[in-house]
Amino acid sequence: TIEFVRATQLQGDEEPSAPPTPTPAQQKESIQAVRRSLPVFPFREELLAAIANHQVLIIEGETGSGKTTQIPQYLFEEGYTKKGMKIACTQPRRVAAMSVAARVAREMGVKLGNEVGYSIRFEDCTSERTVLRYMTDGMLLREFLSEPDLASYSVVMVDEAHERSLHTDILFGLIKDVARFRPELKVLVASATLDTARFSTFFDDAPVFRIPGRRFPVDIFYTKAPEADYLEACVVSVLQIHVTQPPGDILVFLTGQEEIEAACEMLQDRCRRLGSKIRELLVLPIYANLPSDMQARIFQPTPPGARKVVVATNIAETSLTIEGIIYVLDPGFCKQKSYNPRTGMESLTVTPCSKASANQRAGRAGRVAAGKCFRLYTAWAYQHELEETTVPEIQRTSLGNVVLLLKSLGIHDLMHFDFLDPPPYETLLLALEQLYALGALNHLGELTTSGRKMAELPVDPMLSKMILASEKYSCSEEILTVAAMLSVNNSIFYRPKDKVVHADNARVNFFLPGGDHLVLLNVYTQWAESGYSSQWCYENFVQFRSMRRARDVREQLEGLLERVEVGLSSCQGDYIRVRKAITAGYFYHTARLTRSGYRTVKQQQTVFIHPNSSLFEEQPRWLLYHELVLTTKEFMRQVLEIESSWLLEVAPHYYKAKELEDPHAKKMPKKIGKTREELG
Ligand code: ADP
Ligand code: MG
């Protein structure tokens, strides 16, 4: 067992004795009654009046008060979509956009994709009729490319503004500008109760509309001592809550898909072993790549007598509200991007969350009754180790993508762009340098023809460059597949705990000389030859869902080829051409084997091949990587063997022959680094 001590209380606005968890009968109440019961409802008229009277309105309200699902509907009912005008509501997260759109479609009694739809990268569930568009902030950003004044929109609601995602931050600057010359455009900035004054100031002192909160007090508990293995501690604590605490569902915050799946498996495993000794515990995951039917399950009411535990990423912090949560379990971590503008290295790391985040999480326990939040860290750690707030994404990510987009929109002077918080100067500079090296910008910083094409593709500049380069190397068929497989990101292979050996063998069977990109290509090609069969996936320990998604992505990218003037062609088995095309996009991400292991070519950073890579044992002298992941070390994930001469061929302006020489070539030890076993 894990010992918790009660320390503080998150103040509520309601008396602790107020209504208990709604019964299933109440939950079944008509959807309209539920709508009327939301905190925003009593303010409907006042809110609409404020919107009518002000061009820009900041809306602040506790999570779950109805901002996202209700306000766009009010606007619809009020006639803001007359004459075919549209309402956009942006979300930083794909899952939120999908889930919320589905909910709103149900509330309005329409089919998803008709009047209400969503649009996320590589997935468009809208039609001509769609007037309420939930979309990721990145998608609205791309709308500026085809419609710089957003002329078909009557209202833009930038939701979850407090998240301060990169794309939301950029939207602020662009929308503020559009609003100036489109006085009839309504701009709403919706945020949880955090920092709304900043938004108001940014939008020339726009008024803030507060939806009064409605939250019960939440008791906060901390562990007595730090927990070494938080995943294990999580599982133990959930069971502990389940056995000792009165009814009410549990929400657990973990950092990502792998961790969530592991935790769910462990929980189910232990419940099975405990059998009828405990009441039923429904274990439900929620993360970005979860298929939508599985997503919907977290919202279904818990059957009487049972308890539900939802194991979620940050998505459940403010973007989604699940009814009936009384207990929150918070290990205090989240996955965060960080960027080092000095080295140009971006990595995804599990880091302690901020105090603001921890308090949002705790708040999720007090929506329907007084709740409890168990923090898997000490009160001391909360006080001394957590930052106050999360640093906005714009300050800890690479900006290549955004800079390319802004350049395409004709915004040249990026140093003076209207940022809510400016990115570090070095990051901007490096983005410009990289885009120049990729040939997207000329030496004056102006967009080139190639840059314009790169911006057309909804992927990162390096990936776009790789796709464009496939024209030169006549291998666009293969490159499209590689691009699509890279986009579904590390969820291709399935590795169930009880069949680890079989799964690993199956994976090794796909290995091809050259590296991981070719392995991905091989998996896809064989799957396509099987007739895109799910049985084939099952037999080969490949995730069918990921493959289906890769196929969708591939189709969409293929549809864009014509616009960027790349013809369809195949390398006919000449994989050198594929590898060169990949190198043309990723020459920035290269490493060479030195006597002390791998070093990145330009920055001389120490990096390691990920143990899952097909090249882990081969240790080629020169390689490129798709991404770096920092766990115990800087691991390169998706690695491809290259020849140094290719770097001169694809990026002569970036590499000099001299730096690609290898003085130690002959003395190189055969094998450097640890074996798979030693790494565990
Ligand atoms: P906010 O944006 O202010 O956080 P929302 O509009 O997202 O609030 O949520 C309002 C209410 O709608 C919540 O109480 C939530 O329970 C309910 N809700 C949202 N999505 C769903 C869904 N998919 N299924 C059932 N209820 C939902
Ligand atoms: Mg919301």
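In this predicted model, I looked up helix H19 (residues 476-488) and helix H24 (residues 575-586), which pack at about 55° with their axes 10 Å apart. Axes here are lines fitted to C-alpha atoms, for helices over the stretch in contact, and angles run from 0 to 180 degrees between N-to-C directions. Helices (H or I, at least four residues) and strands (E, at least two) are DSSP runs numbered from the N terminus.

That angle makes H19 oblique to H24; under 35 degrees is roughly parallel, over 145 roughly antiparallel, 65 to 115 roughly perpendicular, and the rest oblique.

Next I checked who touches whom (heavy atoms within 4.5 Å). H19 brings Glu-478, Ile-479 and Val-482, and H24 brings Val-578, Ala-581 and Ile-582.

Then I turned to the record. UniProt, in an unreviewed entry, puts "domain: Helicase ATP-binding" at residues 48-212, and I found 39% helix and 25% strand there, with end C-alpha atoms 16 Å apart. Its "domain: Helicase C-terminal" annotation, also from an unreviewed entry, covers residues 237-410; that stretch is 35% helix and 25% strand, with end C-alpha atoms 54 Å apart. I kept in mind that such annotations may be inferred rather than shown by experiment.

Finally, I counted 26 helices and 22 strands in the chain. The C-alpha trace spans about 75 × 65 × 50 Å along its principal axes.

Local features need pLDDT of at least 70, and side-chain atom pairs count only at pLDDT 80 or more.

Methods:
Residues numbered from 1 in each chain as written. Chains lettered and ligands numbered in written order. Heavy atoms only, no water.
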